[in-house]
Amino acid sequence: MVSNSNAGPRILLALSGGIAAYKSAELARRFVKQGCDVQVVMTESALRFIGAQTFQALTGKPVRSSLWDEAAEAAMGHIELARWPDAIVIAPATANTLAKIAHGFADDLLTTLVLATDRPIFVAPAMNRLMWANAATQANMATLRSRGLRIIGPGSGEQACGEIGAGRVAEPEEVASTVLAALARGAALQAADGPLQGRHAVVTAGPTREPIDPVRFITNRSSGKQGYAVAAALHALGAEVTLVSGPVSLPAPTGVRMVPCETALEMLAATQAACATADILVGTAAVADYRCAAIAGQKIKKKSDTLGLELTKNADILTELRAACSSSASRQKPRSWPSMPRASSNARN
Amino acid sequence: MNLIAANWVGGGRAFDRDDNQLTVYWADGELAIGPADKTEIAKQLAGLIAERFAAFASLQTAATKAAKKSKK
């Protein structure tokens with residue numbers, strides 16, 4: 001969700017009072033360098049650790065720290081401020097601030113903004129290892145996690161207090177990359193509100209396997225890469241995508257419904273079923289042109305010097321579906337038009 | 001069928017590799033895509049599908065309207 005048109009994402013960087021606050025100067029700098037519009041909010045305690053002037057210089061914006069600053073409130077009220085960012089990043093997030101957020105407190109500007117926003121919230125906890133390990137803190141973290149706040153870190157190691165353990169704030173680089181990656185994913189999902197929104201696309205991909213006997217089959221070199229990429233690309237344009245896939249070693253594209261199959265006959269049946277509700281069919285699969293006329297019930301023994309296999313032609317999936325489409329051409333709304341990326345005898349994969 | 005994409009195979013082309021090259025044909029046009037990475041090919045192909053789908057849908061709507069008019 002990137003709301004400003006010409007700049008990068010809007011980040012509200014909120015600091016609560018911990019020694020790790022000094023690291024947030026570098027975090028602010030990283031966000032700015034990545035083209036983000038950054039507004040810093042600091043609690044009274046945070047101001048005791050690092051000066052507001054530092055952040056004003058880094059972000060080019062005065063720091064907000066009070067609910068009662070009349071001039072700042074007149075320029076942008078706290079409710080408006082809560083709706084301004086694409087993401088709220090609380091770094092460092094102290095045990096106290098996390099506890100207040102978990103319980104819905106709104107006794108300073110930071111917690112009020114968190115309560116008054118519907119934007120994604122990222123927190124980078126920073127505290128002494130015993131404070132972090134405390135059951136109260138852990139219960140608060142579980143609450144925050146269950147409410148969808150994203151927790152970055154904390155890391156483990158030597159702490160400013162001299163102790164060694166978990167509670168060290170995540171490094172600025174990690175916080176920045178986590179937040180920006182999540183925003184980029186959000187933007188990609190928004191792009192799913194694209195030209196194929198509301199359309200159902202079926203994509204076939206990969207090879208088929210035509211069994212010879214229980215342990216052998218005929219197949220081809222199709223990897224499924226092109227079909228999987230087409231499925232992902234159609235999904236990115238907003239289509240609801242069903243991917244009918246022969247056996248491949250690729251991960252399922254995010255957000256795509258998978259229908260695995262093995263033989264050409266299975267792929268035909270699965271594609272026909274999926275196409276009942278489809279607007280678009282892309283046939284990318286390398287479907288075997290022939291299958292064994294008879295599949296041996298048992299493993300074929302190594303007896304004769306030569307072995308013949310009788311093959312039967314498989315139905316062409318696209319021809320079959322085209323026939324089905326034209327017979328239902330009287331349907332009311334603009335319907336399926338199968339498109340067929342394939343070579344004369346084989347799809348590409 | 002509204003689009004047909006042709007590609008050369010064999011000789012180490014297209015199958016089991018990361019790049020590809022297509023020529024896509026439709027009733028009154030064609031478009032060469034690639035050679036490029038399959039993800040890039042897929043983006044361009046998906047874009048073309050969206051564009052041709054929109055063109056097809058508007059043709060259908062026009063045809064339906066024309067049919068209704070002639071009935072009157």
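Helices (H or I, at least four residues) and strands (E, at least two) are DSSP runs, numbered from the N terminus. This is a predicted model, in which local features need pLDDT of at least 70 and side-chain atom pairs count only at pLDDT 80 or more, while totals for chains, interfaces and linings use all residues. Residues are numbered from 1 along each chain as its sequence is written, and chains are lettered from A and ligands numbered from 1 in the order in which they are written. Chain A contains 13 helices and 16 strands, and chain B has 1 helix and 3 strands.

**Overall organisation**

- A residue is buried if 20 or more other C-beta atoms lie within 10 Å of its own, exposed if 12 or fewer, and partly exposed in between, with C-beta atoms placed from the backbone.
- Chain A has 349 residues, of which 43% count as buried; chain B has 72 residues, of which 28% count as buried.
- Two residues are in contact if their C-beta atoms, placed from the backbone, lie within 7 Å.
- Among the contacts in chain A with a separation of 6 or more, 72% are between residues 24 or more positions apart; the corresponding share in chain B is 17%.
- The elements of chain B follow the order β-β-β-α from the N terminus.

**Contact between the chains**

- Chain A contributes 27 residues to the contact and chain B contributes 29 residues.
- On the side of chain A that touches chain B, helix 11 (225-236), helix 13 (317-327) and strand 16 (339-341) of chain A are the elements that give two or more residues.
- Helix 11 of chain A gives the most to this side, with 7 residues.
- The residues on this side of chain A comprise 16 nonpolar, 6 polar and 5 charged, where Ala, Val, Leu, Ile, Met, Phe, Trp, Tyr, Cys and Pro count as nonpolar, Asp, Glu, Lys and Arg as charged, and the others, Gly among them, as polar.

**Nonpolar cores**

- A nonpolar core is a set of buried Ala, Val, Leu, Ile, Met, Phe, Trp, Tyr and Cys residues joined through C-beta atoms within 7 Å.
- The largest core has 51 residues, and those with the most contacts inside it are Leu13(A), Val89(A), Ala91(A), Val123(A) and Ala124(A).
- Strand 3 (residues 87-93) of chain A supplies the largest share of this core, 6 residues.
- Beyond its neighbours within four places in sequence, Ala124(A) is in contact with residues including Ile90(A), Ala91(A), Ile152(A), Val169(A) and Val175(A).
- A second, separate core of 47 residues includes Tyr228(A), Leu22(B), Ala42(B) and Phe53(B).

**Strand pairing in chain A**

- Two strands pair if DSSP finds at least two bridges between them.
- An open sheet with parallel pairing is formed by 5 strands of chain A in the order 2-1-3-4-5.
- Strand 2 (37-42) and strand 5 (150-151) of chain A are at the edges, each with a single partner strand, so one side of each is left without a neighbour in the sheet.
- Strand 3 and strand 4 (residues 121-125) of chain A run parallel and are joined by 4 bridges, with Ala93(A) opposite Pro125(A).
- Strand 8 (residues 200-205) and strand 13 of chain A also pair in the parallel sense, over 4 bridges, and Val202(A) stands opposite Leu281(A).
- Strand 6 (residues 155-158) and strand 7 (residues 164-168) of chain A pair in the antiparallel sense over 4 bridges.
- The hairpin of strand 6 and strand 7 of chain A has 5 residues between the strands, and Gly162(A) takes a positive phi near 95 degrees there.

**Backbone geometry**

- Most residues other than glycine have a negative phi, and most peptide bonds are trans.
- The peptide bond from Gly153(A) to Pro154(A) is cis, with omega near 0 degrees; Pro154(A) lies in the loop between strand 5 and strand 6 of chain A.
- The peptide bond from Gly34(B) to Pro35(B) is cis, with omega near 10 degrees, and Pro35(B) belongs to strand 3 (residues 29-37) of chain B.
- Ala14(B), in the loop between strand 1 (3-6) and strand 2 (19-26) of chain B, has a positive phi of about 70 degrees and is buried, with 27 other C-beta atoms within 10 Å.
- Asp16(B), found in the loop between strand 1 and strand 2 of chain B, has a positive phi near 55 degrees and is partly exposed, with 14 other C-beta atoms within 10 Å.
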